[in-house]
Amino acid sequence: MTEPLFREEHALFRETARRFVEAEVAPHHARWEQQGVVDRELWRKAGEAGLLLTAIPEEYGGGGADFLTSVVMIEEMMRHVYSGPGFRLHSDIVAPYILHYGSEDLKRAWLPRMARGEVVTAIAMTEPGTGSDLQGVRTSAVRDGNHYVVNGQKTFITNGQLADLIVVVCKTDPALGAKGTSLILVEADRAGFARGRNLDKIGLKAQDTSELFFDDVRVPITNLLGEENQGFRYLMQELPQERLLIAISAVTVIEAALEWTIAYTRGRQAFGRAIADFQNTRFKLAEVKTEAHVARVFLNDCIARHLRGELDVPTAAMAKWWLTELMGKVVDTCLQLHGGYGYMTEFPIARAYADARVHRIYGGTTEIMKEIVARSL
């Protein structure tokens, strides 16, 4: 914990990411929030800049770097609340499923195109009747010769409007319950696949989040990831990284909110003096500074564990629920110190407030995270 996580190569990558965000994301994000989806061209530009699949081996078109490049990407996007581009899910959630469980043919067919931004991906877990309860998935995949026939409905799917390829969580043997779950790749151009509406959310306005429908969609059995009926086990193996990614976002926003609020309260006058000069403001900022420091130390420890392959499920769950709950508390405190301006979306604290709420829900709710921790005691 006393050794710095980031090295020189990460600093260089951060400069590349920062320049890309300033040139290609910042000028357009407000427009994307209005249209509810980022421009498709952004994905190709990100691929050309080497910002996608950075932790995937070079032999499959990735950057061949470590997980810290993913951390850098999240930090550079979230420090200004640019939540629209679904790069994190594409590069650090979907790509590892294909890398770890896909056949050699699937890896070579999809990962290089994903790295170039030619193919956008999504993962379809949640259904209208099942949220955090992945054991209750009803979408089915029935074997028919050399194909699976997929039927079902998914909702709250990030990248849903743009995705060309979807990892679908489905039941291949409903009689086995969770042990009958499989992961199957479904291409968006297959007959029977349809996108529903782009969902209207409280926050994450620039991020397309959709309903997806599967009506007798036929896919070859070679699209299966790993072994049949092993999908739930694969999900449990990959979810710690997903939850760590959410925790990284939370701490980045906590630190950014503190910076915004210090700057605002120093410049804003009330009753003839800066808001920062009032004892209440100083004490609130002192609390947030302390919370941000504790959060960062805990997060960095989790990242270091993950880099060593030692981040276990309960610790990832602790990080996810505690840091996202803290994020909500800190952002609310900082918004209050902005006064009425904190409620205006032109200020990043307002966008952070709207975006923060879902962090306690997706990736597994706070309640589910506490249940995971409790079971480990």
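Does Ala352 count as buried or exposed, and at what relative accessibility? What follows is a set of close-ups of a predicted model, and Ala352 opens the series: at 2% relative accessibility, this residue counts as buried.

View 1. Leaving aside residues up to four places away in sequence, Ala352 touches Val81, Val253, Trp260 and Val331. For those who like a distance to check, take Gly203: Ala352 and Gly203 are 149 residues apart in sequence, yet their C-alpha atoms are 8.4 Å apart in space.

**View 2. Helix H4, with its buried residues.** Here you can follow helix H4 from residue 67 to residue 78. Its end C-alpha atoms are 17 Å apart, which agrees with the 16 Å that its 12 residues should span at 1.5 Å a residue. H4 is mostly covered, with 12 of its 12 residues buried.

**View 3. Helix H8 from end to end.** Helix H8 takes in residues 279-307, 29 residues in total, and reaches 42 Å from its first C-alpha to its last, close to the 42 Å expected at 1.5 Å a residue. The buried residues of H8 include Thr281, Leu285, Val288, Glu291, Ala292, Ala295, Arg296 and Leu299. An α-helix has 3.6 residues a turn, so residues three or four places apart point the same way. Towards the end of the list come Asp301, Cys302, Ile303 and Ala304, which are buried too. Helix H4 (67-78), helix H7 (231-267) and H9 are included in what covers the buried residues of H8. Just after H8, look for Gly309, which takes a positive phi of about 75°.

View 4. How many disulfides does the count come to? The count comes to 0 disulfides. Cys170 counts as buried, at 0% relative accessibility. Cys302 also counts as buried, in this case at 1% relative accessibility, and this cysteine belongs to helix H8.

View 5. Leu204 has a phi near 50°, a positive value in a residue other than glycine. Its place is in the loop between strand E6 (193-198) and strand E7 (209-220), and Leu204 is buried, with a relative accessible area of 7%. Asn229 has a phi near 70°, again a positive value in a residue other than glycine. Asn229 lies in the loop between strand E8 (224-225) and H7, and counts as buried at 17% relative accessibility, because buried means under 20% relative accessible area.

View 6. With a relative accessible area of 36%, Met344 is partly exposed.

Terms used
Residues numbered from 1 in each chain as written. Predicted model: local features only at pLDDT ≥ 70, side-chain atom pairs only at ≥ 80, totals over all residues. Heavy atoms only, no water. Buried < 20%, exposed > 50% of the residue type's maximum accessible area, 1.4 Å probe, protein only. Disulfide = S-S within 2.5 Å. Helix = DSSP H or I, 4+ residues; strand = E, 2+ residues; numbered from the N terminus. Expected span 1.5 Å × (residues − 1). Contact = heavy atoms within 4.5 Å.
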